[in-house]
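Please take a moment with the sequence and the model below before reading on. The paragraphs after them are meant to be read with the structure open beside you.

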Amino acid sequence: MKLSLTRVAALGAAALLSIGLAACSSATASDTGSAAAGTFAVDDQTLVFGVVPDSVDTQTNYQPLMDYIAQETGKKVEYHESTDYAALIEAAVAGKIDVASFSGFTYVTALNNGAKITPISSIITVEGQEPGYYSEAIVPKDSSITKIEEFKGKKVCFVDPSSTSGYLFPSYNLLEAGIDPEQDITPVFAGKHDVSVTKTAEGVECEAGFAEDSEVEKNDGVKVIDRTMVPGAPIVESDSLPADVKEKLEKALSEVTIDQIIDSGVKSADSDAFRATFYGTSPVDDAYYDTIRDICKKTNAKQCQA
């Protein structure tokens, strides 16, 4: 569910310019229906489901949930995987998605840039778990590095400048360890969590790195030397949707378990692959992400700013 702050500023400026241009044309992105009736990204028979492309298995992981949304709303659910985090934010600002799974950082950034979205819930992977997951600091399995303070002077893998567990929290932890991300390391942006883990395991392009726990545990070529709990990634809905559609989404997604989804008739949910990434959902609201806003202030990350 993530450095050279100078480079971040440039990336952020480019993303914001792109977002601004998209916002100017957003009036045509959702013309179906009146303001009172609500509008859709494509049409009133379709819900566009946007995701952050954080691993090669993204669509497979979300397909059962999309099948469930389709069943509960009576709409066709169209999968939309953005090329990167900035593109998902752009799509939200431009009104091109109806439902989405954001990272916490991407959600806050999207709001700061004018997206009209509301969190419904956060996915949990284990029964009894609170929403949230870990950002893990990793090194190659045979590395002599034992603490984050030793990342100074190293080539460090991050996921993306708008990634919560792959950039924002790592940046904060580096600063807390006395390491200036602008001066003291060489950042490498891997693009996806699994790629960050792979590059770190190889130990060539990256001597250390960061990624979310679910991807780290798949690779025995790295070891974890530090970890930080991150607010769970939100499932959000567009504020422009008709009230009855939002009611159905909130009823379906606020608090549901995998067994309830299977019992409702969604056969694709009954798989080991889905169980490995999804146990259920837990309700969250906007205030839940105030921790991210606080860290944005402490790191002065440019992506946090509108």
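Predicted model: local features only at pLDDT ≥ 70, side-chain atom pairs only at ≥ 80, totals over all residues.

Begin with the open sheet of 5 strands, whose order is β7-β6-β8-β5-β9 and whose pairing is mixed. The edges of this sheet are formed by β7, covering residues 186-189, and by β9, covering residues 222-230, and each of these two strands pairs on one side only. From one strand to the next, the twist averages 25°. If you look at one pair in detail, you will find that β5, made of residues 133-140, runs antiparallel to β9, with 8 bridges between the two strands. Within this region V139 stands opposite K223, a residue of β9.

Two helices can now be placed against these strands. Helix α5 lies across β5, β6, β8 and β9, and the angle that α5 makes with β9 is about 90°. Helix α6, which spans residues 193-202, lies across β5, β6, β8 and β9, and runs at about 150° to β8.

Why does N173 count as buried? The cut-off for this class is a relative accessible area under 20%, and N173 counts as buried because its relative accessibility is 15%. When neighbours within four places in sequence are left aside, N173 is in contact with I148 and T228.

In α6, the buried residues are H193, D194, S196, V197 and T200. Viewed down the axis of α6, these buried residues fall within an arc of 160°, and therefore they line one face of the helix. After α6 comes G203, a residue whose phi is positive, near 70°.

Although K152 and A177 are 25 residues apart along the chain, their C-alpha atoms are separated by 9.4 Å. Apart from its neighbours within four places in sequence, K152 is in contact with I179, D184 and I185.

The last topic is charge. Side chains of opposite charge can pair when their charged atoms come close. The structure holds 8 salt bridges, and three of them can be followed here. In one of them the side chains of E205 and K199 meet, with 2.7 Å from N to O. With 38% relative accessibility, E205 counts as partly exposed, since this class lies between the cut-offs of 20% and 50%.

Another salt bridge joins the side chains of D286 and R293, again with an N to O distance of 2.7 Å. Here D286 is partly exposed, at 31% relative accessibility, and R293 is partly exposed with a relative accessible area of 22%.

The side chains of R275 and D270 also meet in a salt bridge, with 3.9 Å from N to O, and R275 counts as partly exposed at 36% relative accessibility. Which residues are linked with R275 in a network of salt bridges? They are D259 and D270, which together with R275 make up that network.

Conventions
Residues numbered from 1 in each chain as written. Heavy atoms only, no water. Buried < 20%, exposed > 50% of the residue type's maximum accessible area, 1.4 Å probe, protein only. Contact = heavy atoms within 4.5 Å. Pairing = 2+ DSSP bridges. Helix = DSSP H or I, 4+ residues; strand = E, 2+ residues; numbered from the N terminus. Axes fitted to C-alpha atoms, helices over the stretch in contact; angles between N-to-C directions. Arc of directions from axis to C-beta. Salt bridge = Lys/Arg side-chain N within 4 Å of Asp/Glu carboxyl O.
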